[in-house]
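Keep the 3D view open and follow along.

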Amino acid sequence: MILTQKQYIHEAEIKQQEYQVWHNNTELKVLNRLDASEEIRSILENRSLGTLLIIIMDDGKAGLVRQAAFSEGYSQSDVLIEPINQKRYRVFCSQCHGINMVNHLESSFECKKCGQFLEPSDHYSTYHRSYLGYPIL
């Protein structure tokens, strides 16, 4: 099941088409109001065991939906936050575990917390909601 907001419906429809190649019944749900926890709960409850929840929305709101999913019994492996087109990217430092904000993922940078030079990767962590930064030795 893909859960999104109205402003990200285009990205969600593209992702739905990608997932439907492998899974026949990929359902797309659009939240009307994110602050309505009842709406989120009604969408998430009574899903069959093992339902994968794919969240496509901005970072802060995705975290709220993720927490709601956990309270409804979803496990860490049942929830995937897909990064959306952003102007800035979160990069997780593999050395100090700090989160850095960068404008693009194509070049290395220095971690603001520990000073380690990092190379951003294409590995996205749904737990940290950021890309992994590998140390440059």
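## The nonpolar cores

The largest nonpolar core has 23 residues, and the members that touch the most others are Leu-44, Leu-53 and Ile-55. A nonpolar core here is a set of buried Ala, Val, Leu, Ile, Met, Phe, Trp, Tyr and Cys residues joined through side-chain atoms within 4.5 Å. Buried means under 20% relative accessible area, exposed means over 50%, and partly exposed is in between (1.4 Å probe, protein chains only). Two or more residues of this core come from each of β1, α1, α2 (37-44), β3, α3 (59-71) and β4. Those labels are DSSP runs numbered from the N terminus: helices are H or I with at least four residues, strands are E with at least two.

Let's zoom in on Leu-53. Once its neighbours within four places in sequence are set aside, its contacts (heavy atoms within 4.5 Å) are Met-1, Leu-3, Leu-44, Ala-69, Tyr-74, Asp-78, Val-79 and Leu-80. There is also a second, separate core, this one of eight residues, including Val-102, Leu-105, Phe-109 and Tyr-131. As a rule, nonpolar side chains in soluble globular proteins tend to be buried together.

## About the model

What you're looking at is a predicted model, where local features need pLDDT of at least 70 and side-chain atom pairs count only at pLDDT 80 or more, while totals for chains, interfaces and linings use all residues. Residues are numbered from 1 along each chain as its sequence is written, and side-chain values use heavy atoms, with hydrogens and water left out.

Start with helix α1, residues 9-20. Which residues of α1 are buried? They are Ala-12, Lys-15, Gln-16 and Tyr-19. Seen down the axis of α1, the buried residues fall within an arc of 110°, so they line one face of the helix. That arc is taken from the directions from the helix axis to the C-beta atoms. On the other side of α1, His-10 and Gln-17 are exposed. The cover over the buried residues of α1 includes β1 (2-5), β2 (28-31), β3 (53-56) and β4 (79-81).

Now for α2, where the buried residues are Glu-39, Ile-40, Ile-43 and Leu-44. They sit on the same side of α2, because their arc around the axis is only 125°. These buried residues pack against β1, β2, β3 and α3. Just after α2 comes Asn-46, which takes a positive phi of about 60°.

## Strands around β5

Two strands count as a pair if DSSP finds at least two bridges between them. Strand β5 (residues 89-93) and strand β6 (residues 99-102) run antiparallel and are joined by four bridges.

## Salt bridges and a buried loop residue

How many salt bridges does a search of the whole structure find? There are six, each being a side-chain nitrogen of Lys or Arg within 4 Å of a carboxyl oxygen of Asp or Glu. Glu-82 forms one with Lys-15, their closest N and O atoms being 3.4 Å apart. This pair links distant parts of the chain, with Glu-82 in the loop between β4 and β5 and Lys-15 in helix α1, 67 residues apart. Glu-82 counts as buried because its relative accessibility is 14%. Lys-15, Glu-18 and Glu-82 are linked in a network of salt bridges.

Arg-47 and Glu-27 meet in another salt bridge, at 3.0 Å from N to O. Arg-47 lies in the loop between α2 and β3 and Glu-27 in the loop between α1 and β2, 20 residues apart. Glu-27 also bridges to Lys-29, with closest N and O atoms 3.4 Å apart. Thr-26 lies in the loop between α1 and β2 too, and at 9% relative accessibility Thr-26 counts as buried. Leaving out residues up to four places away in sequence, Thr-26 touches Ile-2, Gln-16, Tyr-19 and Gln-20.
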